[in-house]
Amino acid sequence: MICFLSSLLIWILIAAFSIYQNQRNNKKVSSITQLSTKPPVDRLNRTYFAITKSNNWTESNDMNLFSYEAILANTTDKDLKDWCIKLKVPDETSVENTWDCTAYIDDNYLYIKADEFVNEKLCSKSETHFGILLISENDLTFRSAIITGRLCKKLSSNTLFIFCCIMAVISLIAAIYGIVIQGIIKNQATLTKQRQEHDNQIIEQTMKTFSNFIDNKDTYTQGHSTRVAAYAREMAKRMGLDQQAQLTIYYAGLMHDIGKLTIADDVLNKTSRLSTEEWSLIQQHTTNGAMLLKNFTILPEINDAVLYHHERFDGTGYMNRMSGKDIPLVARIVGIADAYDAMNTNRCYRLKFSEERIISELDRCRGKQFDPDIVPYLISMIKDGTVYRL
């Protein structure tokens, strides 16, 4: 336990320093002035605001009401936080109503801010829609806007980040090793169920923390490893595997993409077609991940999932061209869970598939990409709604 606590303390200190540096950079406020309130022609790698009048009418007191629909888009690789839009308005203008935003007028300027519960943070590669109802004696025409906010970049694969991840792996190995040694010394048979659950929580929390580092490498796969792990464990349960096997498969799902830590961000997050060389680098995340865990032998099934989860049942996968039952069971289960989450998630190059299309793809690829004996378990999870509750 001393080994575990020492390693964990080192990891926490390094991670805290990395987070501090990241937050320090993210405190800077950016200001963007738009000369037009229409969508720009070039919408790549920028933040822009557009507003259009959807309706207007005159009240009995000769006051004019104007209804506006607006959009704020963020196509950068950073999240936009604490955003505010500033628009010039004439005298005697007031805010009558808003939806999905908050607004007020001060010194002839209309300020529009995020709704606390709807769009407080505008994530990278996303947009938010909102509306506002204004009342004024004069006609309202918006020609320019000022957008302010903090463009916050996620942790990237720089040297410090990779070092933090390596320390997390060391902490994980030390935790499991410490638990095993402690069990041998104190006699495993005397450990209570409560103690075992506590130990499992330590391992699970450490792995979940590390899987978050992995998923943060890819803008579009946040939570991916956690979801894959949950799907894989549920399939193992329905297949009748014992609880220890279910837990091991869950851990394997959390760690299956560890090799992505070695892939450069510009390749991993590329939105256009990958070159042959870039695709080869992506494929190497399986072997690279296995190399990172080569000394992690206490749960060999995790290494099997990392190395073989992209093998195909018909032998056309990568990197070893294994086929059929020669592919370890844990890799076959994690592989189909990984494919399902990819189909059920929006990506930079396409929207997620419908439930009907996913089931159709699973059926079509039985015996080709996927083990035909495992596919029915995942389809049953989709049809009974279990995948949406995990």
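# Close-up views of a predicted model

**View 1. Asp-77 is found in the loop between β3 and β4 (79-88).** Helices (H or I, at least four residues) and strands (E, at least two) are DSSP runs numbered from the N terminus. The structure is a predicted model, in which local features need pLDDT of at least 70 and side-chain atom pairs count only at pLDDT 80 or more, while totals for chains, interfaces and linings use all residues. Residues are numbered from 1 along each chain as its sequence is written, and side-chain values use heavy atoms, with hydrogens and water left out. Asp-77 has a relative accessible area of 38% and is therefore partly exposed, a class that lies between buried (under 20% relative accessible area) and exposed (over 50%), with a 1.4 Å probe and protein chains only. Not counting residues up to four places away in sequence, Asp-77 touches Asn-45, Ser-124, Lys-125 and Lys-153, where contact means heavy atoms within 4.5 Å. Along the chain Asp-77 and Leu-151 are 74 residues apart, and their C-alpha atoms are separated by 9.0 Å.

**View 2. Asn-45 and Glu-92 each have a positive phi although neither is a glycine.** Asn-45, one of the residues that Asp-77 touches, lies in the loop between β1 (30-34) and β2, and its phi is about 55°. With 58% relative accessibility, Asn-45 counts as exposed. Glu-92 has its place in the loop between β4 and β5, with a phi of about 60°. Glu-92 is exposed too, its relative accessible area being 54%.

**View 3. Four strands form an open sheet in the order β2-β3-β9-β5, with antiparallel pairing.** Two strands are said to pair if DSSP finds at least two bridges between them. The edges of the sheet are β2 (47-58) and β5 (93-99), each of which pairs on one side only. From one strand to the next the twist averages 25°. Within this sheet, β2 and strand β3 (residues 64-74) run antiparallel and are joined by eleven bridges, and Ala-50 stands opposite Ile-71 in β3.

**View 4. Strand β7 (residues 109-114) is joined to β4 and also pairs with strand β6 (residues 101-106).** The link between β4 and β7 consists of five bridges, with the two strands running antiparallel, and here Ile-85 stands opposite Ile-112 in β7. The pairing of β6 with β7 is likewise antiparallel and extends over six bridges, with Tyr-104 opposite Tyr-111 in β7. β6 and β7 form a hairpin with two residues between them, and in the turn Asp-107 has a positive phi of about 55°.

**View 5. Ile-302, Leu-362 and Leu-378 touch the most other members of the largest nonpolar core, which has 47 residues.** A nonpolar core is a set of buried Ala, Val, Leu, Ile, Met, Phe, Trp, Tyr and Cys residues joined through side-chain atoms within 4.5 Å. Two or more residues of this core come from each of α2 (159-186), α3 (193-215), α4 (224-238), α5 (243-255), α9 (300-308), α10 (329-343), α11 (355-364) and α12 (375-383). Helix α10 gives the largest share, eight residues. Leaving aside neighbours within four places in sequence, Leu-378 is in contact with Met-235, Ile-336, Tyr-340, Leu-362 and Val-387. Apart from this core lies another, of 23 residues, including Leu-72, Leu-122, Leu-140 and Ile-147.

**View 6. Helix α8 (residues 285-292) and α9 have axes that come within 7 Å and cross at roughly 155°.** α8 is therefore roughly antiparallel to α9, a term for angles over 145 degrees, whereas those under 35 count as roughly parallel, 65 to 115 as roughly perpendicular and the rest as oblique. Axes are lines fitted to C-alpha atoms, for helices over the stretch in contact, and angles run from 0 to 180 degrees between N-to-C directions. The contact is made by Thr-286, Thr-287, Gly-289 and Ala-290 of α8 together with Asn-303, Val-306 and Leu-307 of α9.

**View 7. Tyr-318 and Met-319 are joined by a cis peptide bond.** The omega angle of this bond is about 10°. Met-319 lies in the loop between α9 and α10.

**View 8. The whole chain has 13 helices and ten strands.** Of its 390 residues, 46% are buried. Among contacts in the chain with a separation of 6 or more, 69% are between residues 24 or more positions apart.
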